[in-house]
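Please look through the sequence and the structure shown here before reading on. The text below then walks through selected parts.

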Amino acid sequence: MALLFCDAFWGTDFTDQSGYEAILQRLQDGRHMCKDVEELLKMRALAEEKYGRDLVTIARKAEGQTEIGTLKASFDKLKAEIEKTGNMHIHLSESIKEEVQKIEAFREHQREQRKKLEEIIEKLQKPKMLQHKKTIESKKLYEQRCKEAEEAEQLVGKKTNVTTSTHRQSEKVMNRARLCRQAANLAEKQYKWNVDQLEKTRHDWESTYRSACEVFQQQESERINILRCVLWDHCNLLSMQCVQNDDCYEEVRKLLEQCDIITDNNCFINMKKTACHPPAPIEFQSYSDLDANGGVRSVETKRLSVVLPEMSFSGYPEAGSNSAGSYTSAQQAVGVTEKYMVLYDFKAQEDDELSVSKGQVVTITEQGEDGWWKAWRDGISGLVPGTYLTKLSPQSCSTSLAAAQPEHNPIK
């Protein structure tokens, strides 16, 4: 069973306003609740708007232009759905703001209505309290006058029983008793009149207060109802947004199901393919095998990477014969130490090379396959061309060494 404000919020006495104050406090708490709901919806609207704008920005800034094929289509679809989702969140923000405006309009309407009723109650409350004060004062005066009249009448009875009292004294006491009774009668009439007026005022106030309680209870019911409906609608909007978001992402998932690795690879191959076979290997071709036109000669001899100068000297083998011998010695094992005579001048051009002059004798410690040999002379080591050297025979080794040696030998 529904309880009523008008049956539960009365004062314990005529001047008590605790019931009315309890209703006003409840209405004030209701206003604060409306403002709290408004603030919540405003913050949620701002959050939805910011989130939506961020999603739109993300979708528009995302690149992905280098991709091709079905994966590009899926990625483009994802960007489109993200932007669509962002726009839906922005629209959701606008819908929430509309709900906030409804609450503000409702709260303002209730405030005006409640203000009018409070003014009416206050106008009736003041006369009621004033009339109550007059009635209480008139009651006290009436009681006092009645008490004085009773005392005066008692005094008259005492004077009449006393034989010694004169006629004049008796007359004086009786006149006083008569005046006191008249005053008591007047006080009684004033008291009754004040009671009647207070009853009229009380009746008007009570009737108005009962009507106001009904209006206040109706306002409270409407407030609870509209807040409940607003929060319900807010939850529905959020649920719908979740469903719409899922629908957007489902569209992307459907397109991703069509994304095929083979299709995308084939697309890339057909768009960017260059040649169907690898290039032919590069084979070694000796310079001596090439003719003037670039064709291959049928020549058996091969030359080393180091070219001999076209010179010959008496007492030494020919350059061509020395080249063949040097090439053969280049294939010997590493680590041989033998004496060689320098046939031509050679000036070092790199840090690891050794400058030699014609007629000098050097010691070879390593013969490289590329035609560069490691030679020692005067305690200095470096690379020299093998084709610039000739091996000394054992018989002439001592004679040649003596002729090639400088005036002092730095090697001790």
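What follows moves from strand pairing to the nonpolar cores and then to a loop.

This is a predicted model, in which local features need pLDDT of at least 70, side-chain atom pairs count only at pLDDT 80 or more, and totals for chains, interfaces and linings use all residues. Residues are numbered from 1 along each chain as its sequence is written, and side-chain values use heavy atoms, with hydrogens and water left out.

Strands here are DSSP runs of E of at least two residues, numbered from the N terminus, and two strands pair if DSSP finds at least two bridges between them. Strand 2 pairs in the antiparallel sense with strand 1 over four bridges, and with strand 3 in the antiparallel sense, also over four bridges. Tyr340 has Val362 in strand 2 as its bridge partner, while Ile364 stands opposite Ala375 in strand 3.

A nonpolar core is a set of buried Ala, Val, Leu, Ile, Met, Phe, Trp, Tyr and Cys residues joined through side-chain atoms within 4.5 Å. The largest one has 14 residues, and those touching the most other members include Tyr340, Val362, Ile364 and Ala375. Strand 1 (338–342), strand 2 (361–367) and strand 3 (372–377) each give two or more residues to this core. Another core, of twelve residues, lies apart from it, with Phe5 and Trp205 among its members.

Asp378 lies in the loop between strand 3 and strand 4 (380–385). Its phi is near 55°, a positive value in a residue other than glycine. Most residues other than glycine have a negative phi.

Methods
Buried means under 20% relative accessible area, exposed over 50%, partly exposed in between (1.4 Å probe, protein chains only).
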